[in-house]
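Subject: Structure handover

Dear colleague,

I am passing on the structure we spoke about, and my notes on what was found in it follow below. Please read them with the structure open beside you.

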Amino acid sequence: MEKFKTVLDLHLKHHSTLTYGLVALLTAGGEKIFSAVVFQCPCSASWNLPYGLVFLLVPALALFLLGYVLSARTWRLLTGCCTRRGAWFASGTRGACVCAQLSAAAALAPLTWVAVALLGGSFYECAASGSVWIAGRLCGDLSPTCAEQLPLVPCSPGDSGKQILLKELKAQSQVLGWILIAVVVILLLIFTSITRCLSPVSFMQLKFWKIYLEKEQQIMESQAKEHATELARENIKCFFESCRPKEFSTPTVKDWEQISSLYTFNAKTQYYSMLHKYVNRKEETGSVRSSEGDTVIPVLGFVDSTGINTSSNL
């Protein structure tokens, strides 16, 4: 996701008019196809509810899982966890804290989907028209046939009698959508405020920290490409010339494992990344394993989002 944002920003900077037009066209076309072709309420008492809920919730579930897949922290936590001793799952509290942070971050996209879908109203109208409970509340003082006719409401926009019910269903959907948006914004504001208040470092140090990580990532990527190119060139040369390769220093499996660990903060020895911690602790202990005083700080979660930026991150 971060790579897509970077590419999009660069593209907008140089081709803003073309890009804005293309994005608007694709968005409008995608919405038109999805609502007019893909989604068609069956207007059946037995199918309206499950059909509407599937379109409302299944894309949200897919976005939630995609949020995990696109998070670098997920793969830092999972990669090699079954074979590493002292894996994060073994340290229950820290592992649970990181999983909770991952879930909160991954939930933003699906909640946005549900809110936008509720504001549109189509999915809710279809699902609610097939609900016996909603039919009882909606048709309480109306005609006896109201409950039987309710599942047909989404397919009869021209019927004046059913139009009243359709408007009420849409109003309910939009109210729920705005409530969900308000709740998400309030919770996000509260969470951000609390994490910033509990930050162990100041505002300016956080800005410096992010600049450092950006530069470390750029240099790491450049050096990794150069190192990999030299190693590949030497191996290919020796393959074709049938000679022994010259001695080539490459980080060991343990070295890579050390800098791939999830970041923990220690007020006594402040390091800006696992690489920073590793090169400073290497001579002392040879390990960056958690020590006394190491804690997981939510506001510093961005540290684990950095890594070698390649097309095969996953």
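The protein chain exposes about 20200 Å², of which carbon and sulfur atoms supply 66% (accessible areas come from the Shrake-Rupley method with a 1.4 Å probe, and for residues only the protein chains shown count as cover). This is a predicted model, in which local features need pLDDT of at least 70 and side-chain atom pairs count only at pLDDT 80 or more, while totals for chains, interfaces and linings use all residues. Residues are numbered from 1 along each chain as its sequence is written, and side-chain values use heavy atoms, with hydrogens and water left out.

The mean pLDDT of the protein chain (the predictor's confidence in each residue, from 0 to 100) is 77, and 76% of the residues reach 70 or more. Over residues 7–17 the pLDDT is below 50, and beyond near neighbours in sequence this stretch has 5 contacts in the model (heavy atoms within 4.5 Å). Residues 19–32 also have pLDDT below 50, with 5 contacts beyond near neighbours in sequence.

The protein chain has 12 helices and 0 strands (DSSP runs, H or I of at least four residues for helices and E of at least two for strands, numbered from the N terminus). Of its 314 residues, 30% are buried (under 20% relative accessible area, with exposed over 50% and partly exposed in between, using a 1.4 Å probe and protein chains only).

The structure holds 2 salt bridges (a side-chain nitrogen of Lys or Arg within 4 Å of a carboxyl oxygen of Asp or Glu). In one of them, arginine 73 pairs with aspartate 304, the closest N and O atoms being 3.3 Å apart. This pair links distant parts of the chain, since arginine 73 is in helix 4 (residues 72–78) and aspartate 304 in the segment after helix 12 (274–281), 231 residues apart. Both arginine 73 and aspartate 304 are buried.

The other salt bridge joins glutamate 221 to lysine 225, with the closest N and O atoms 3.3 Å apart. Both residues lie in helix 10 (residues 203–241), where they are 4 residues apart, about one turn of the helix. Glutamate 221 counts as buried because its relative accessibility is 18%.

With kind regards
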